[in-house]
Amino acid sequence: MISRTLMVIMLITTCLKTFAQHIGENFDDLSKHGVSIEQLDNKYKDAINVEAFKAVFQTDKEQEALIDAYYKLLEDFGNFLIKNHFVWEKQTRCFNRIYFNRNGTIDYFLYNFTTHNTKPEDVLPIAKQIEFKRLLNLFIQHYKIAITAKTNFAQCSPVTYSPD
């Protein structure tokens, strides 16, 4: 028989795992996790916005620090892919929207390799997409962007991955 204390510990652990998820996913498959872009956008404020008062990072200095930290994250991820023998056969375009906890951990890293005008020959092979997702999820489990905020925030950008 399980003691009441052990049951409480198990319940707390399960809840913490539920709320401390680090999910790397294609935009199209986000709903599999029971969440939508609209829900995330309501929970995470824009890191930078054309209207500065709507952004988490409002001053030029804060925005510069965010951009530096964001580029460093993308560089670190690229190096992680290389270290794990992930090779791009050709230049590959991707769009990211990353949702950060206020402490800099990555809650959601969404990506998409295709757009409405992606040519069939430019579509990343399924096996490559699966390996990218696997490595992305490993990377974001322990990565923290080198900036924090008073609230959760999100940043997006296009990225072009190139063969070395």
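Buried means under 20% relative accessible area, exposed over 50%, and partly exposed in between (1.4 Å probe, protein chains only). This is a predicted model: local features need pLDDT of at least 70, side-chain atom pairs count only at pLDDT 80 or more, and totals for chains, interfaces and linings use all residues. Numbering runs from 1 along each chain as its sequence is written, and side-chain values use heavy atoms, with hydrogens and water left out.

Start in helix α4 (residues 126–140); helices here are DSSP runs of H or I with at least four residues, strands are E runs of at least two, and both are numbered from the N terminus. Glu 131 is partly exposed at 26% relative accessibility. Arg 134 is partly exposed too, at 44%. Their side chains form a salt bridge (2.9 Å, N to O), a term for a Lys or Arg side-chain nitrogen within 4 Å of a carboxyl oxygen of Asp or Glu. Elsewhere, shared partners join Asp 41, Asp 46 and Arg 97 into one salt-bridge network.

Arg 97 is buried at 12%, whereas Asp 46 is partly exposed at 28%.

Glu 51 and Lys 54 form another salt bridge (3.3 Å, N to O). Glu 51 is partly exposed at 37%, and Lys 54 is partly exposed at 38%. The whole structure holds 8 salt bridges.
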